[in-house]
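User: I'm new to reading structures and would like to learn how to spot side-chain contacts. Could you walk me through some?

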Amino acid sequence: MGISFSEIVMSREEMKTVYNMFMGDAKKASRFRLLKKSYEDYVEKFVAGASVPDFTLKTMSGDNLTLSKVKANYILVDFWASWCIPCRASFPKLKKVYKTYKNSGFEVVAVATGDKDKNWRDAIQKDQTPWLHVFDVNEKSVGRNGDVANAYGVPFLPTTYLLDSDLKIILRNPTKEELDSKLKELLGH
């Protein structure tokens, strides 16, 4: 029997219930290790109030961008890829949110992961996304998440985190409406 065990289909409470059903030898199964990682990332590690790791990645121009040095009170870290249809479909709404709050202490850092260098550059050009862009590489496994996405427990694309200036999570995977509402609250618009 297969089980879909992810934040796409389960709330944290549902995931806790299902996770705690595994007992004894079931916890030794190789499939359980995948479930355990999903559970730990979604329910325990990357929750509101938790800190995320800092990172330094290359920008389109080849400069280094360090997340903790981004000048903003609130940062949306958006993991995406050029081939990810939902990622790119979210950009028009995100552009509106960005335009509204960019001069009030809000920034977007788009982290392309599991992609090819030429493809993410072409997608940025085509989509005309005005925020900061960096490329997350995994030298060992082309086509899979990069090291930063892995460190952030990214289970699927897009995955987004709204962070404060101390790199603490405020929201995980907010809808654009939730993001807009929270920024309105935080920035007083």
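User: Let's start with Asp122. Is Asp122 buried, exposed or partly exposed?

Analyst: This is a predicted model, so keep in mind that everything here is computed from it. Asp122 has 39% relative accessibility, so it counts as partly exposed.

User: Which side chain does Asp122 meet in a salt bridge?

Analyst: The general idea is that side chains of opposite charge can pair when their charged atoms come close. Here Asp122 meets Lys118, at 2.5 Å from N to O. Both sit in helix H5 (residues 117–127), four residues apart, which is about one turn of the helix. Lys118 counts as exposed, at 56% relative accessibility.

User: How many salt bridges are there, and where else can I look?

Analyst: The count comes to five. Another one joins Glu185 and Lys182, 3.3 Å from N to O. Those two are about one helical turn from each other because they are three residues apart in helix H7. Glu185 is exposed, with a relative accessible area of 56%.

User: Now for rings. How many aromatic pairs does the structure hold?

Analyst: There are eight. One of them is Phe79 with Tyr152, a tilted pair with 5.3 Å centre to centre and 55° between the planes. Phe79 lies in strand S3 (residues 74–80), while Tyr152 is in the loop between helix H6 (147–151) and strand S6 (159–164), 73 residues apart. For burial, the cut-off to remember is under 20% relative accessible area. Phe79 is at 0%, so it is buried, and Tyr152 is also buried at 0%.

User: Which residues do ring pairs link into a cluster?

Analyst: Look for Trp80, Phe91, Tyr98, Phe106 and Trp131.

User: Last one: which cysteines form a disulfide?

Analyst: Find Cys84 and Cys87, with their sulfur atoms 2.2 Å apart. A search of the whole structure finds one disulfide. The link of Cys84 and Cys87 is right-handed, with 80° about the S-S bond.

User: Are those cysteines buried or exposed?

Analyst: Cys84 is buried, at 4% relative accessibility. Cys87 is buried as well, with a relative accessible area of 1%.

Conventions. Residues are numbered from 1 along each chain as its sequence is written. This is a predicted model: local features need pLDDT of at least 70, side-chain atom pairs count only at pLDDT 80 or more; totals for chains, interfaces and linings use all residues. Side-chain values use heavy atoms; hydrogens and water are left out. A disulfide is a pair of cysteine sulfur atoms within 2.5 Å. Buried means under 20% relative accessible area, exposed over 50%, partly exposed in between (1.4 Å probe, protein chains only). Rings of Phe, Tyr and Trp (its six-membered ring) pair if their centres lie within 6.5 Å; planes under 30 degrees apart count as stacked, over 60 as edge-to-face and the rest as tilted. A salt bridge is a side-chain nitrogen of Lys or Arg within 4 Å of a carboxyl oxygen of Asp or Glu.
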